[in-house]
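Hi there,

Here is the structure I promised to pass on to you. Have a look at it first, and then read on for what turned up in it.

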Amino acid sequence: MVKALLVAAALAVAVAVFLLLTYVRRSVFSKHGSVAMAARLSRRMAGRGWAPGFAVYERGSLRWYRMFSLALGPRYTLARTDLQIADRRVPAGAEAQIFPPEVTVLRCKSSTGEVELAMTESAVTGFLSWLEAAPPGAAFYDR
């Protein structure tokens, strides 16, 4: 009985520490102007494989971090000079059940592969502005 209580208490403490560290990590990234968006990590099943996260816009790249993770590095780094929007659509099928109606899904292509990002219309506007806002010749000065 005592052993079971100790295991339950240790598990509760571990969950609390994880949630606290996740909150602190999110707060640190929020101070740098992050935007909430989901990324599709797996395409094995139609409409599945989405993970919540947030993106931080830096000079020439977008860094996407998982929401519930302790990793300090981004899951995806998308370079502005190498990024193209291949498709824009509304969530369909099972996606329509997990995303609010104002969400848009963007399929992005780069030399490293493809990634789908789901974000609100206002976040799409900001994303497209960031993508198109590089001044002419900026790739030459981005060192």
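This is a predicted model: local features need pLDDT of at least 70, side-chain atom pairs count only at pLDDT 80 or more; totals for chains, interfaces and linings use all residues.

Strand β1, residues 34-40, runs antiparallel to β2 and is joined to it by seven bridges. On to the next strand: β2 and β3 are antiparallel too, with five bridges between them. The two form a hairpin, and three residues lie between them.

Now for the aromatic rings. The structure holds five aromatic pairs. One of them is edge-to-face: the ring centres of tryptophan 50 and phenylalanine 99 are 5.2 Å apart, and their planes stand at 85°. This pair links distant parts of the chain, since tryptophan 50 sits in strand β2 while phenylalanine 99 sits in the loop between α2 (95-98) and β6 (103-110), 49 residues apart. Are these two residues buried or exposed? Both tryptophan 50 and phenylalanine 99 are buried.

Another pair is made by phenylalanine 54 and tyrosine 65, with ring centres 5.7 Å apart. Why does this pair count as stacked? The planes of the two rings are at 20°, and planes under 30 degrees apart count as stacked. Phenylalanine 54 is in strand β2 and tyrosine 65 is in strand β3, so the pair ties together parts of the chain that are 11 residues apart in sequence. Phenylalanine 54 is buried, with a relative accessible area of 0%. Tyrosine 65 counts as buried as well, at 5% relative accessibility. There is also an aromatic cluster, formed by Tyr57, Phe127 and Trp130.

Serine 61 is found in strand β3. Its relative accessibility is 13%, so serine 61 counts as buried, because the cut-off for buried is under 20%. Leaving aside residues up to four places away in sequence, serine 61 touches Val56, Thr77, Leu78, Ala79, Arg80 and Trp130. Trp130 is also one of the residues in the aromatic cluster.

Serine 69 lies in the loop between β3 (61-66) and β4 (76-79). What does the side chain of serine 69 reach? It reaches the backbone nitrogen of alanine 71, at 3.0 Å. Serine 69 is buried, with a relative accessible area of 15%. With residues up to four places away in sequence again left out, serine 69 touches Phe18, Thr22 and Arg25.

Finally, here is the chain as a whole. The chain has four helices and seven strands, and from the N terminus on the elements run α-β-β-β-β-β-α-β-β-α-α. Of its 143 residues, 30% are buried. Among contacts between residues at least 6 apart in sequence, 44% join residues at least 24 apart. The chain exposes about 9,100 Å², and carbon and sulfur atoms supply 63% of that area.

Enjoy exploring, and write back with any questions.

Best wishes

Definitions and conventions:
Residues are numbered from 1 along each chain as its sequence is written. Side-chain values use heavy atoms; hydrogens and water are left out. Buried means under 20% relative accessible area, exposed over 50%, partly exposed in between (1.4 Å probe, protein chains only). A polar contact is a pair of N or O atoms within 3.5 Å; within protein, one must be able to donate a hydrogen and the other to accept it, and residues adjacent in sequence count only if both atoms are side-chain atoms. Contact means heavy atoms within 4.5 Å. Two strands pair if DSSP finds at least two bridges between them. Rings of Phe, Tyr and Trp (its six-membered ring) pair if their centres lie within 6.5 Å; planes under 30 degrees apart count as stacked, over 60 as edge-to-face and the rest as tilted. Accessible areas come from the Shrake-Rupley method with a 1.4 Å probe; for residues, only the protein chains shown count as cover.
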